[in-house]
Amino acid sequence: MIFIIGTKFNVSGSERTTEQHRCPQCGALTQFVKKTGRNYITLFFVLPIIPIGKARNLLECPNCKTRIQVDNL
Ligand SMILES: [Zn+2]
């Protein structure tokens, strides 16, 4: 039996920030969406099975979907 192993960056979360931030990409002043992202080892590139590395806090611009990494949230 052959298993195909890969890695995938999995992002979850939909909470909005309470303060407005200026997006460096599109310039919109908006409430960003807080997301937590983490790398997973996946089976057949689909099923996340083992989380690897640290979870990362990200803010996603709802306007242009740019993700900004923040480490002290
Ligand atoms: Zn933006």
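Tutor: A residue is buried under 20% relative accessible area, exposed over 50% and partly exposed in between, with a 1.4 Å probe and protein chains only. By this scale F44 is partly exposed, at 36%, and F3 is also partly exposed, at 48%. The model is predicted, so local features need pLDDT of at least 70 and side-chain atom pairs pLDDT 80 or more, while totals for chains, interfaces and linings use all residues. Residues are numbered from 1 along each chain as its sequence is written, and side-chain values use heavy atoms, without hydrogens or water.

Student: How many helices and strands are there in the protein chain?

Tutor: Both are DSSP runs numbered from the N terminus: helices are H or I with at least four residues, strands are E with at least two. Here the protein chain has zero helices and six strands, and its order along the sequence is β-β-β-β-β-β. The radius of gyration, taken over C-alpha atoms, is compared with a globule rule of 2.2 Å times the number of residues to the power 0.38. For this protein chain of 73 residues the radius is 15 Å, well over the 11 Å from the rule, so the chain is more spread out than a compact globule. The C-alpha trace spans about 50 × 20 × 15 Å along its principal axes. Of the 73 residues, 23% count as buried.

Student: Which atoms coordinate the zinc ion?

Tutor: Donors are N, O and S atoms within 2.8 Å of the metal (3.2 Å for Na, K and Ca); water is not among the atoms, so sites may look incomplete. In this structure the SG atoms of C23, C26, C61 and C64 coordinate the zinc ion at 2.3 Å. Along the chain these donors are spaced as C-x2-C-x34-C-x2-C. C26 belongs to the loop between β2 (21-22) and β3 (29-30), and C64 to the loop between β5 (47-60) and β6 (67-70), so this pair ties together parts that are 38 residues apart in sequence.

Student: What is the geometry of the site, given its four donor atoms?

Tutor: Four donors are tetrahedral if all angles lie between 85 and 135 degrees; square planar (four) and octahedral (six) require opposite donors over 155 degrees apart and all others between 65 and 115, and anything else is irregular. The angles at the zinc ion run from 106 to 112 degrees, and the site is tetrahedral. The ideal angle for four tetrahedral donors is 109.5 degrees.

Student: Where do the cysteines stand in accessibility, C23 among them?

Tutor: C23 is buried, with a relative accessible area of 2%, and C61 is buried at 0%. By contrast, C26 is partly exposed at 34%, as is C64 at 29%. A disulfide would need a pair of cysteine sulfur atoms within 2.5 Å; the whole structure has zero disulfides.

Student: Which residues does T30 touch?

Tutor: Contact means heavy atoms within 4.5 Å. T30, in strand β3, is buried at 16% relative accessible area. Setting aside residues up to four places away in sequence, T30 touches E19, Q20, H21, C61 and P62; C61 is one of the zinc donors.

Student: What does V33 touch?

Tutor: V33 lies in strand β4 and is buried, at 10% relative accessibility. Beyond four places in sequence, V33 touches G13, S14, E15, R16, L58, L59 and E60. S14 is a residue of strand β1 and is exposed at 63% relative accessibility. With the neighbours within four places left aside, S14 contacts V33 and K34. Among contacts between residues at least 6 apart in sequence, 46% join residues at least 24 apart.

Student: How many aromatic pairs does the structure hold?

Tutor: Rings of Phe, Tyr and Trp (its six-membered ring) pair if their centres lie within 6.5 Å; planes under 30 degrees apart are stacked, over 60 edge-to-face and the rest tilted. The structure holds one aromatic pair. The ring centres of F3 and F44 are 6.2 Å apart and the planes stand at 40 degrees, so the pair is tilted. F3 precedes β1 (5-16) and F44 is in the loop between β4 (33-43) and β5, so the pair ties together parts that are 41 residues apart in sequence.

Student: What is the phi of K65?

Tutor: K65 has a positive phi of about 65 degrees, although it is not a glycine. K65 is in the loop between β5 and β6 and is exposed, with a relative accessible area of 53%.
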